[in-house]
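Here are a few notes to read alongside the model.

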Amino acid sequence: MSTALPATPDNAAATSATATANAPPPPTGNSATTASTNPTTPDLLSVCSDVIAHVRQYSLVLPPLEGQAPGPGCLLLICPGGFIKPENYLELGRQVQRQVAGSGGLPGGLWVGVMALDWVALMGAMTKALPPGGPPNSFADLNEKAMEVGVPAALLDAAVSKVEEEAGFKAKRLGGRAGGRATNLVTLMHSAAGPFFSRAVFKGSGGGVLLSSAFSQDYNRHVYAHLEDWGRPVLIVGGDLDGQMQWFHQVPYMSQLAYMASRFGPEYAAVNKPLILLKGANHAQSSALGGGVPGATALSGPLAPALVNAVRGDVEADASAEETLAACSGALSAFLTTHFGAEAAARKAAAGKLLEQVTATADLMAPYARAAGYGDVSAPFNAAGTSTSSSWVPVAPYALQLPAAAGLPLGPMAAAAGSRESAALPSGVALAAEQAAVAAQQVLAAPLGAEAAAWLHVVASVHAQLEGLVYSQPTVSELPDGRLLVHVHVYSHFPLLEREPNGIAGLLPVGPNYWMKLKSTNMLALHLGTPPPEGGSGLFPEPGARAINEAVLRQALEAVPRHVLERYKRRGLQLHIGDDIDWLSEHKARTGGQQPAAAGTGPAPPQAGPPAPSGMPAPSGNPVLDFVQMSRLEFAVQVAGQDGQDGSTRVVLRSPCVQVPVPPGLTPGSGKSVKELEADAVRFAGSSYVKVLSPAAAMEWVWLACLRAPGTNKW
C-alpha cells in the first residue's frame, strides 16, 4: 500500500511506507552485479542487504508541489550524515521546493527524497563481513571495500526506487538502460555521507551536492578530487564556522574553481562547480536544518550550545538556525533552477545568484588562500580580475619586502595518471613556504639595519621530505656583485598528517607549521662586517622565533575580514607569543648536562643529522640533534590570575629554538674575519633552527580555533 501524500500546494508531511513482514530484495542494476565471487572475500553486498531493504522501505518522500509545467521532473535525493534522523532534512526539502516553484518551477516538478540510512546497522553489517580470525580492519578500510563492491550504489538505487514506486518519479537513465546514470537525479551528501557515496554519485547521478562534507575520506590527508573530472554539475556548501569539517579544506577547490573561471569565465564556473560558504554557520546547523538534531525543540534563535559537538571541534554558530536554513535552501534552489528550471529568465536569474554567492565566498576565502599558497582566488570573479590569464601569484605571507616571483600557473591539482584523487600539494603551497622562510630570515636580519640588509640576497629551498631538511644547512656565500647569498631551508610540517589513529581531525590545523634552518643575526653581521651597537656585549640582539611568530600573527590579524577580527576580539581565545623554548638548555637539563653534538667526532657545533632511535647514541657518543627530537610548538593555556594577567584566559605560543653560537672570540665587534674559520665551522656556526607558525595556521587560529574551549585544540 502506498503512503505517499498526494501533490498539494505545500506538502506538510513526508511519506513513509508501513513496515511489511518481508523486506524487499536488494535492488538490481549495475551495483548488484559487482559483488565478489571470490569465496575468500567477504560479500559485503549480501551482508548489507537488510540495510538496503530498510532504505527501500522507509526512505521519506516529498512529492512535487502542484501547478508545475509538464516534464520529466527532477529528484533531489538527500543522503543523511552519520546518525542523523531523516526527518531532520524535511524542512530543508520543503523550503527548496517552495523556492524552486517560486522561480518558475521545474518541468514536471521537484521531488525530494531522504534516504532512511541506518548508519549503526550499516557499520554493524560491514563489521560482520570481516573474515573470522582476521586482523581488525579500520572503518576506513571497510568503507573502501564497500565502495568497491557497490554498497553505496545499491543504497542509492534503493532510495530512488522508493520515490519511483511511492510518488511517481521516473528516473531518466542514460541510454534508457537499467543501471545507467539518472540524468534527472541530484544527490546531496551530508557530512559522513560524502566520502561514502561520492564515487557512486559521480557515476550514477546527474549532479551532486556536498553539504558540510568532502569527496574523500582522506580529505584530512590532503587528498583532493579534481573538479573538472566531474562532467556533471556539483555544488559544495559549508559553514565558515564549521569546526568539524573546517572550510580551510575547501580552499584547494576554490583554487580549482578560480582557475576554471579564468579560462571558462566566472559565470560558467559558478554555475557548474559552485562553492558557497554560509556565513556564521557551524556543523551542528547543517545537521539540524529541519529543526534540530534529536532533542532540539525549536527552530527559532541560535542553536543551543548543547547541540554543538565540541568534542569533534565544532563551535557555536554566529548565524541563527533560520538564517542558515534560508541560506542553504537558497543555494540549493538556485543550483537546481539554473540546471533544470522551466523558464530561461529564471535560469539566468539563478545563475546570477550563484555567481554572487560564489564571488562572496571567494572574497571571504581570499586572505587565507593567499597565505596558504593558492593564489588570489577572488580575482577571476571580480570585475578587475576577469581576464583570461591562467596565472596568478600568491602574495608574500607577511608584510616584508620579498624578491619578485615569476608568474606561477596554479591551475588544477596535480594527480598521478590513473588516480581519481590527488594527494599532491600544488606548487603554490611550496612557494608559500619558500616565501615564509625568506621573510623569516629577513626578520633575523632586521637588527642590522636596512642598509646592511640590502646587501643580503636571501633564497630558500623547500624540502618535501624531512630527511632533506635534516641533511641541509644554511649557508652564506658571496655573489659576483659583492652581495651575500643567504641560502636557508624550510620544511612544511602538517600536524594533521601525524594525528593519532583515533585522533579528531577537526581539532588540528589544516595549514602547516614551518621548520626552518636560518642564519642568526650575529653570523650575518660577521659576514657583512657590520659593527655591533655601541656598548653592551658586543653582540646584536637575536630576534629568534618569537619575532617571526609575532610578524606572522600580526599579518594574520591584519588580513582576516573585519567581522572575523571583531569576533576574535569578542569571543576568541587571544593568542600571545611567548619567549622561545631554548631546546638545548632543556635537553641538557634532561640529560644531566650532556650537549647534543654532530654525528662523528670533534668539537663541531650541534647540527642536524640522521634521526637516531630513542636512547641510541650517535657515533660520537652524544645524541644527534634533529628536528624530530626538538619539541613541537607549545600552545599553553593561561587561566585568569596567572602571570599578572587582566583576568582573561589566553593561549601563549612558544616556539622551540636552537641557536648555535658564533665561535668564541669571533663576534661582530672583534675585528676578526669569518674567513678565519674552517669550512665546516662556518657552515654550522651561527645557525638558527626554529619551528614557527605558518601564516595560514595563524589565520586558522584567529578565524576558528580560538572559538574552541581552552585546551581543546590539539595544535
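1. Glycine 238 sits in strand β7, residues 234-239 (strands are DSSP runs of E with at least two residues, helices are runs of H or I with at least four, both numbered from the N terminus). With a relative accessible area of 15%, glycine 238 is buried (buried is under 20% relative accessible area, exposed is over 50%, partly exposed is in between, using a 1.4 Å probe and protein chains only).

2. Which residues does glycine 238 contact, leaving aside its neighbours within four places in sequence? They are Ser212, Ile276, Leu277 and Leu278, where contact means heavy atoms within 4.5 Å. Glycine 238 and leucine 277 are 39 residues apart in sequence, yet their C-alpha atoms are 5.0 Å apart in space.

3. A word on the basis: this is a predicted model, in which local features need pLDDT of at least 70 and side-chain atom pairs count only at pLDDT 80 or more, while totals for chains, interfaces and linings use all residues. Residues are numbered from 1 along each chain as its sequence is written, and side-chain values use heavy atoms, leaving out hydrogens and water.

4. Now to the cysteines. Searching the whole structure gives zero disulfides (a disulfide is a pair of cysteine sulfur atoms within 2.5 Å). Cysteine 74 counts as buried at 1% relative accessibility, and cysteine 79 is buried at 0%.

5. Helix α18 (residues 562-571) packs against helix α21 (residues 695-703) at about 65°, with the axes 8 Å apart. Axes are lines fitted to C-alpha atoms, for helices over the stretch in contact, and angles run from 0 to 180 degrees between N-to-C directions. The pair is therefore roughly perpendicular (65 to 115 degrees; under 35 is roughly parallel, over 145 roughly antiparallel, the rest oblique). From α18, Val564, Arg567 and Tyr568 meet Trp701, Val702 and Trp703 of α21.

6. An open sheet of three strands runs in the order β14-β17-β16, with mixed pairing (two strands pair if DSSP finds at least two bridges between them). β14 (574-577) and β16 (634-638) are at the edges with a single partner strand each, so one side of each has no neighbour in the sheet. From one strand to the next, the twist averages 30°.

7. β16 and β17 (residues 650-654) run antiparallel, joined by five bridges; glutamine 638 stands opposite arginine 650 in β17. Helix α17 (residues 544-559) lies across β14 and β17, at about 150° to β14.
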